[in-house]
Amino acid sequence: MTTVHELSRADARRIAVQAQLLDTRQDDLLDVVRHLTLLQDDLTATVAPNADLVCWSRIGSSYSRQELRDAADEQRLVDLEGYLRPAEDLALYRAEMAAWDDDTGDRLDWQVERRDWLAVNNGCRHDILELLRADGPLPASELPDTCVKPWASSGWNNNKNGIMMLNLLVRRGEVAVAGREGRKRLYDLASRIYPDDPVVPLGEALRIRNERRLRALGLARARATVCPGEPNDVGEVGEPAVIEGVPGKWRVEPSLLDRPFSGRAALLSPLDRLVFDRKRMAELFEFDYQLEMYKPAAKRRWGYFALPILYGDRLVGKLDATADHPAGELIVHAIHEDEPFGADVRDAVHAEIEDLADWLALDLVLPDHA
C-alpha cells in the first residue's frame, strides 16, 4: 500500500523553497536552469527582466546577464513559446509538436479552431517557411502575411495574422526562435535550431516532463486548472501527500522529504515559479499578493512591479523599487512588511537589496524611513 505523506504547511513551504533552489546560493547558471527546467523570457524591466531576476535570486551578484545572453545566442538555451529551456530538453517536446494537428477526436474546441485556421491559411504557412529557408533568421515584421482568413479573437490578437501563424508553426515544430535582435525575436526553421537528438516518444516525454516539473516545484497537485504556458500540475509522478490545513491531494518529490533546512532572504520576480501559481502560493504561504502593473496607480497597494520578499520558508513582504538606469539609481519606493520585521529579517532583507543594487551597478536610494 502506498504511503501518503502527511505534511504541515511549514514542511510544504520548505520543500517548495528547496526545490526552487532558494534555500542556499547557487553558482552555475546552466545547472540552475536545468534544475528549474525553464526561465520565462518576459522583458518587463522595471527592476530587471524576469529571467535575469530569477537567476540573480539564486546566484547573487556574481550572476552575469551576459552569460545568459551568450547561452541563448549559442542555443544552449532555446526559446520555446516564451520560455528559455535547455536545448537538450527539446527532445521532450518534439513528439507533441509532431502530433499537434492529429485528428484524435479529443481536441478542445479552441484547438480544433486553431488547426482549421492553419489549414485554411496553408499558403501563408508555405510562404513563411520558404522565406525562412532562403533568408532566415528573420523578425516577424519581415515575414509575409498572405492569410486568406484573418485571425479572429476577442480583441487582443484580432487580425494579428503573422504572429499567430508563427506561434502555431512553433507549436508544430516547423519554426523556432533563433534569438533576439534587441527586443525582437528572430525566427528560423526549427531544423536549424533544435538539436538533432532522438525524439522521446510522447507518453514517455510527458512523464519525464512531469517528473522534472515536480523536482523543480517540490510539490504540486496531480491535476490543476489548465493555464497558458507551463502547467502547474504533475500527473501521478512522485508520491502522494496531504498538507495540514490545505484541501486536496498533492504529489511530493520524495528526495526532498526530511531534508535539513536553513533558508535565507531572497527577493523574487513577480513571475518566479515559487509564486507564479497564485493559488498554490496562497495555500502554502498564506501570502496576499498580485502583480499590480495592470492596475490604475491609485488602486495599487504594493507598487507597479513589487518583488515578493522571502525569508526562510515564509513570504514576508514586498519590495517596491525601480531601476533608473539613466540616473544610475535603484530607487526603493517602499518596503512593505506584512508583519513588522525583526532585526534579523530587516538586516537580511536590506543586504539583499544592497546586493541587487550592486548587481545592477546602480546606486541605492532608500526611502527616509527604511
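The legends below describe close-up views of a predicted model.

**View 1. Packing of helices α7 and α8.** The axes of α7 and α8 (residues 161-171) lie 11 Å apart, at an angle of about 75 degrees. The two helices are therefore roughly perpendicular to each other. On the α7 side the contact is made by C124, R125, I128 and L129, and on the α8 side by M165, L166 and L169. Sorted by class, this contact has six nonpolar residues, no polar ones and one charged.

**View 2. The cis peptide bond between G136 and P137.** Omega of this bond is about 5 degrees. P137 belongs to the loop that runs between α7 (122-135) and β5 (138-139). As background, most peptide bonds are trans.

**View 3. Helix α10 and the residue that follows.** Helix α10 covers residues 202-217, 16 residues in total. From the first C-alpha to the last it reaches 22 Å, close to the 22 Å expected at 1.5 Å a residue. Its buried residues are A205, I208, R209, N210, R212, R213, L214, A216 and L217. After the helix comes G218, with a positive phi near 90 degrees.

View 4. R213 has a relative accessible area of 5%. Because buried means under 20% relative accessible area, R213 counts as buried. With neighbours within four places in sequence left aside, the contacts of R213 are E230, P231, D233 and V234. D288 is 75 residues away from R213 along the chain, and the C-alpha atoms of the two are separated by 25 Å.

**View 5. Helix α2 against helix α10.** The axes of α2 (residues 29-36) and α10 come within 8 Å and cross at roughly 115 degrees. That angle makes α2 roughly perpendicular to α10. R34, H35 and L36 of α2 make the contact with R212, R215 and A216 of α10. The residues of this contact divide into two nonpolar, one polar and three charged. R212 and A216 are also among the buried residues of α10.

**View 6. Helix α3 against helix α13.** The axes of α3 (residues 50-59) and α13 (residues 343-360) come within 11 Å, with a crossing angle of roughly 125 degrees. The pair is therefore oblique. The crossing is right-handed. D52, L53 and W56 of α3 meet E352, D355, L356 and W359 of α13. By class, the residues of the contact of α3 with α13 are four nonpolar, no polar and three charged.

**View 7. L330 in strand β14.** Strand β14 covers residues 329-337. L330 counts as buried, at 0% relative accessibility. Beyond its neighbours within four places in sequence, L330 is in contact with A321, T322, A323, I353, L356, A357, L360, L362, D363, L364 and V365. One of these, L360, is 30 residues from L330 in sequence and 8.1 Å from it in space, C-alpha to C-alpha. L356, another residue in contact with L330, also takes part in the meeting of α13 with α3.

**View 8. Positive phi at L21.** L21 is not a glycine, yet has a positive phi of about 60 degrees. For comparison, most residues other than glycine have a negative phi. L21 is placed in the loop between α1 (9-19) and α2. Its relative accessible area is 12%, so L21 is buried.

**View 9. Helix α12 and E286.** In α12 (residues 278-285), the buried residues are R280, M281, E283, L284 and F285. E286 comes just after this helix, in the loop between α12 and β12 (307-311). Although not a glycine, E286 has a positive phi of about 50 degrees.

Methods:
Residues are numbered from 1 along each chain as its sequence is written. This is a predicted model: local features need pLDDT of at least 70, side-chain atom pairs count only at pLDDT 80 or more; totals for chains, interfaces and linings use all residues. Side-chain values use heavy atoms; hydrogens and water are left out. Helices (H or I, at least four residues) and strands (E, at least two) are DSSP runs, numbered from the N terminus. The expected span of a helix is 1.5 Å times one less than its number of residues. Buried means under 20% relative accessible area, exposed over 50%, partly exposed in between (1.4 Å probe, protein chains only). Axes are lines fitted to C-alpha atoms, for helices over the stretch in contact, and angles run from 0 to 180 degrees between N-to-C directions. Angles under 35 degrees count as roughly parallel, over 145 as roughly antiparallel, 65 to 115 as roughly perpendicular and the rest as oblique. A crossing is left-handed if the near helix is turned anticlockwise from the far one by less than a right angle, and right-handed if clockwise. Contact means heavy atoms within 4.5 Å. Ala, Val, Leu, Ile, Met, Phe, Trp, Tyr, Cys and Pro count as nonpolar, Asp, Glu, Lys and Arg as charged, and the others, Gly among them, as polar.
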